[in-house]
Amino acid sequence: MTAAAVAVWLGTVVTILSRSHGDRNVYPSAGVLFVHVLEREHFKGEFPPYPKSGDASNDPITFNTNLMGYPDRPGWLRYIQRTPYGDGVLYGSPTPEHVGRPTVIEITAYNRRTFETARHNLVINIMATEEFPLPYQAEFYIKNMNVEEMLVSEVLGDFLGAVKNVWQPERLNAINITSALDRGGRVPLPINNLKEGVYVMVGADVPFSSCLREVESPHNQLRCSQEMEPAISCDKKFRAQFHIDWCKISLVDINKVVPVYITRPDPGTGILPDFGEYNPPSESLKSRDYFSDFLVTMAIPSAVALVLFFILGHIMCCRREGVEKRNMQTSDIQLVHHSAIQKSTKELRSMSKNREISWPLSTLPVFNPVSGEVVPPIHPDNYETTSMPLMQTQSNLQNQITIPQPRPSGKASV
């Protein structure tokens, strides 16, 4: 093995090892908001640099996330990335059903400049928490934020701090964050730096404060019905950074929520049970030969078409009268008369072609005095004299008779 081949082999091994990173483990809690940022800087080292040294590596990178072995993510996990030049964010609120079962998320990074990929695995180990579920939950609608801006730890921490000052709970957690577009909102116009809006749900262990209860007053409910902003005393604590739509706030006390049980009908005859998989009986499914069906399908229309073809051919070819039969049924005087007319017509045509007469002007070439081009005659060379005009317009006819003109006398008339 040559030195060049060894160098190429070692380079390939180093490249493969550099791209096969170990799994990254995270430990979120059930019922608490989980946020994981996919940083572009973490994946830039796995792609080749720019050809020219000194150029800044700012490749467009996009991410694809899916549950291992499945084409999509779990139902509680969402992903957002605005542009290929920004970081991606995985966020969601895990449920207690996934506690104790690791969830492996495959993260594939695509370099849009070199069309290369790099793959990492994110292992999500959902942990149980004694604080879940928090009994008092409030959902706020923030109008001047997008979901990726709210997922930043500093911004989310500022919002939770403002809520804590208004609510004064002992334990306060962010439960879930949802974009307004996922709730049926419209994409805002790209003017005045408008935002999509985001719903933030928080939970606490103490009842709602009097400030949050002000939304339920009849006066504020009337203002909301008239599309007016309600009068909230603690709004100024949020207004500096967060514009909250107080008419869309939702206050839920889990202790007072009546659970709804859905009763299912008893399965009767022909209804499969809810458990297990259905295995159809394979013995009753016998193979069938469709060749005879194909022949019947094609033979009947072909036979009908063939019979119709023979009937039509017999009518058109075998039942014709013919010229001889027609002449036999025609009287001799009519045949002689028709033959004499045809013979006279041929004789006149042959005589007309032998006439010696000048060609009309329309059959002579024309000279264009402007361009100097000679335009061919209108009629071809084999001009048929039978269609010659009766009146000739040539000035040089052979048999033209010149009318003598009177000569002017030398004496002038008085």
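**Note on the predicted model: sheet, core and disulfides**

1. Cys317 has a relative accessible area of 60% and is therefore exposed; here exposed means over 50% relative accessible area, buried under 20%, and partly exposed in between, with a 1.4 Å probe and protein chains only. By this criterion, buried residues make up 27% of the 414 residues in the protein.

2. The model is predicted, and accordingly local features need pLDDT of at least 70 and side-chain atom pairs count only at pLDDT 80 or more, while totals for chains, interfaces and linings use all residues. Residues are numbered from 1 along each chain as its sequence is written, and side-chain values use heavy atoms, with hydrogens and water left out.

3. Overall, the protein has ten helices and 13 strands. Helices (H or I, at least four residues) and strands (E, at least two) are DSSP runs, numbered from the N terminus. Of the contacts (heavy atoms within 4.5 Å) in the protein with a separation of 6 or more, 68% are between residues 24 or more positions apart.

4. An open sheet is formed by four strands in the order β9-β10-β8-β11, with antiparallel pairing; two strands pair if DSSP finds at least two bridges between them. Strands β9 and β11 (250-253) stand at the edges with a single partner strand each, so one side of each has no neighbour in the sheet. On average, neighbouring strands of this sheet are turned by 20° against each other, direction ignored. Helix α4 packs on the sheet, where it touches β8, β9 and β10, and its direction makes about 125° with that of β9. Axes are lines fitted to C-alpha atoms, for helices over the stretch in contact, and angles run from 0 to 180 degrees between N-to-C directions.

5. Val200 of β10 is the bridge partner of Ile177.

6. The largest nonpolar core has 38 residues, of which Phe140, Met150, Phe159, Trp167, Val202 and Trp246 touch the most other members. Such a core is a set of buried Ala, Val, Leu, Ile, Met, Phe, Trp, Tyr and Cys residues joined through side-chain atoms within 4.5 Å. Two or more residues come from each of β5 (88-92), β8, α3 (147-150), α4 (153-167), β9, β10 and α5 (210-213), and the largest share, eight residues, is that of α4. Domain 1 (24-46 + 57-126) and domain 2 (136-256) each give at least three residues to this core; the domain bounds come from an automatic or database domain assignment.

7. Which residues does Val202 contact, leaving aside its neighbours within four places in sequence? The partners include Tyr136, Ala138, Phe140, Phe159, Leu160, Val163, Trp167, Leu172 and Ile175. A second, separate core of 19 residues includes Leu90, Ala118, Ile124 and Ile126.

8. How many disulfides does a search of the whole structure find? There are two disulfides, a disulfide being a pair of cysteine sulfur atoms within 2.5 Å. Numbered in sequence order, the bonded cysteines of the protein pair as 1-3, 2-4.

9. In the disulfide of Cys211 and Cys234, the sulfur atoms are 1.5 Å apart. The link is left-handed, with -75° about the S-S bond. Cys211 lies in helix α5 and Cys234 in the loop between α6 (218-225) and α7 (236-239), so that distant parts of the chain, 23 residues apart, are linked. Cys211 and Cys234 are both buried.

10. The other pair is Cys224 and Cys247, with an S to S distance of 2.2 Å; this link is likewise left-handed, at -85° about the S-S bond. Because Cys224 lies in helix α6 and Cys247 in the loop between α7 and β11, the pair ties together parts that are 23 residues apart in sequence. Cys224 counts as buried at 18% relative accessibility, whereas Cys247 is partly exposed, with a relative accessible area of 32%.
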